[in-house]
Amino acid sequence: MGRPATTFLKDYRPLDYVVDSIDLTFHLDPDCTRVESCLRVRRREGVSAAAVFALYGRDISLQSVALDGSPLPASRYRLDDENLVLVDPPREFTLDVTTQIEPAKNTELQGLYVSNGKFFTQCEAEGFRRITYFPDRPDVLSRYQTTIIADRTQFPVLLSNGNPVDRGDGPGNTHWVRWQDPFPKPSYLFALVAGDFACVEDDYTTVSGRRVSLRMFVEHGDEDKCLHALASLQRAMRWDEDTYGREYDLDIYMVVAVGDFNMGAMENKGLNIFNSKYVLASAATATDQDYQAIESIIGHEYFHNWSGNRVTCRDWFQLSLKEGFTVFRDQEFTSDLHSRGVKRINDVNILRTQQFREDAGPAAHPVRPESYIEINNFYTVTIYNKGAEVVRMLRTLVGAETFRRATDLYFSRFDGQAVTTDDFVAAVEEVSGLDLSQFKLWYSQAGTPTVDVEGVVDEGARRYRLTLRQSCPPTPGQPQKSPFCIPVAVAFFSPVTAQRLPVRLHGDAGPWRDEQTLTLVAPEQTFVFEFKDPVAAPIPSLLRGFSAPVKLNAKPPVEDLLFLWANDDDEFNRWEAGQHLAIDELLRLIQAQRSGAAATVADAYVEGFAKNLQSTELNRLFQAQLLRIPDEIYVSEFTSPIDPQLIHDAWRQMRRELAERLEKTLTAVFDANNRHEPYSIDPLAIGRRAVKYACLAFMTELPDPRHVRLVYDEYRRADNMTDRISALAILANLECEERFHALNEFYETWQDNANVLDKWFAVQAASRLSDALDAVRSLTDHPRFKPTNPNRVRALLGTFCFNNPVNFHRPDGAGYAFVKSWILKIDRLNPQLSARLVSSFAQWRKFEPQRRAKMEAQLREMAAAPDLSKDLYEMVSRFLNG
């Protein structure tokens, strides 16, 4: 295909017209739905004349268009595949447009589509233009009235945004419902749902005493599986009132679960549409991680009501304005309800294993991009997760109380408007009095900064000189970077008492503090700390709580890392010390393999691991984190060139040696946490299960059939999905008869539950056994594999190419060829999904020559394929040319 057009931030200009309101009428039919829209339009104040009024439309059939009630002659408009352009429109007018669409044929799942005989919409980012012609951009805010007409028997439930204001019977067996949303919103927040649903209802009383009806719409038979989601929603509403002073503003809040969905969920005003895996949960069907994800994503979409809906983004370059801020809010929601340290570890793991890789490759882009071909390609970990880190740093710099006052100003000043990241930062500047112009580089510069550290104790052990140097590598289009504003949280520990030491910066007459946050703004800065009392060898704890999304190059002595791994009271930094030690051990084992030398895991590391394993004082959830070896994908970031087989072999060796040397301890800890009690999602129970299966996974690294039988016994006696799938995932990595028995039994039991069956596909796709590719290839022919269902594709193909590096990166290139063939097939069905899958090739230049050449060949075959979607074209082009 020819190069599609690129959209640039620098070209933004407001629309010449304002669409004050839009009335929509849907005559629903799966094969041919008629959509009637009535737009009330006026020229924007200050615009003297406008030659055209452009509306966007894709894959829709124009039936009629009328201006102020009169049919518009062909000379007054232009129509092409993506635009309806009115020529010489008046200053103020009403525009009536009728279109036809075919929802049943919509496999892209954007706009209006059919899933399991029901109607759903997905309009973010540009799906509304697949429903009717409209200036489909986020800065066009209009009031919506929606009338839905459909067959009463097939579609008894008819939903849209806002509040229901009228309903009635139509001709034949039809009925209709009219919805009004009193709040102006962009078209991407429009939603419609129609079908036969079960409804689970509760209510919530807001801080001002208003009663809000909460309704969960699910498939019949799933009513008991949405109670956790409902309780999570109530917790989120209370938390947002308490923490941000944000109260819900409609009479009804609705959540609808659907099995075919490109995303996790969508925050449509008053009518959230959710991927069913993030709504449905019961002990029998959902894992501990599922329960946690449901609570987090329910909260995320609810929090969007203010950070995204009431205040939205001016253009799609500002996407992180709503997503980064809301991710930060949902992270804090989870942290306040559960273990803050464990949540921080999990969030940083995502950042470092996914976003840091994105920042280091051809797909690197700033939190506020400068251009795009297809906006769907920018729903990335950079926009969401790095964007959240930028907001977190803002709060760190100004303090929690000032940040809250700044968000109050932001919400009140910009309520009902479409704004920018600059507007958000300006509100923080105004309240805090700080100049944040340098800080805003986090929005405009791509890449992950590295902070090099040098520390020296001097002057009779009363001073510590800490020198920090920052740098950031080139990224596409940005060969040179200006210094960032980086908050670095620091504490010092006494090696004798293991307590934090009171310190202050030299020249500061203020109080002694046991933790400081430094602000690094220059390429190099030196900070001199004074200790209240002399200390011979203070142990620094740097970047506490991961205070900035940077790579810290400190090179601390092994003794210091072992001390922090055992004693740091910042849970993230304690875990990080262990990760640092493990990475060093793994790199040493990899180097030994490259040179053909013998090497074993250091005694000091094994002893430190054993101490954390045997601890009875640790929070069990945190203890489970301390027992995690860095995964192979993260380890690859420290090797050049990347050889997945060497990394895998070193990773297995490390786990095997730990199992051999600590077998008795692992068995004892497993036994202590193996309590077959009624299932509960309280933190202690979740932590015990996490520790139990961490131990069991280590034990099965040993060639002992007793351990295999133990795993199989756990699988057979499991009365909840966490136990069942955890045991099955271990068995999937073992060459044993029990693996086949368990996989067959699991399928026979759960073949009719789509969300659970996704887990069955995923554990096989993640298997490290050498026949994994053959198994995945065979599963694509399975009658339950549906290439039109994003969850199923992600479970099988996504798990294989993103989470199974040793088999996806087979040296013969068969994994690459297989995934490439499916990417091209899926691109014809769902371009968003194909563009996500091709990201597995993004790092191709970093691999050893044989794999690098094979990955490049597959990318070039994709580039040469006919009729690529814009989504896939943009990603492949960036990977080849970046």
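**Set-up.** I worked on a predicted model, where local features need pLDDT of at least 70, side-chain atom pairs count only at pLDDT 80 or more, and totals for chains, interfaces and linings use all residues. Residues are numbered from 1 along each chain as its sequence is written, and side-chain values use heavy atoms, with hydrogens and water left out.

**Ring pairs.** I looked up pairs of Phe, Tyr and Trp rings (six-membered ring for Trp; centres within 6.5 Å; planes under 30 degrees apart are stacked, over 60 edge-to-face, the rest tilted). The count comes to 58 aromatic pairs.

**F303 and F333.** I took this pair up next. The ring centres are 5.3 Å apart and the planes stand at 85°, so the pair is edge-to-face. It links distant parts of the chain, 30 residues apart: F303 is in helix α2 (residues 288–303) and F333 in helix α3 (residues 319–337). Helices here are DSSP runs of H or I, at least four residues, numbered from the N terminus. I then checked burial (buried is under 20% relative accessible area, exposed over 50%, partly exposed in between; 1.4 Å probe, protein chains only). F303 is buried at 0%. F333 is buried, also at 0%.

**Y634 and F638.** Their ring centres lie 5.1 Å apart with planes at 90°, so I logged the pair as edge-to-face. Y634 is buried at 12%, whereas F638 is partly exposed at 41%.

**Charges over rings.** I applied the rule that NZ of Lys or CZ of Arg is within 6 Å of the ring centre and within 35 degrees of the ring normal. K118 lies over the face of F197, 5.6 Å from the ring centre. The charged end of R246 sits over the ring of W306, at 4.7 Å from its centre.

Conventions: Helix = DSSP H or I, 4+ residues; strand = E, 2+ residues; numbered from the N terminus.
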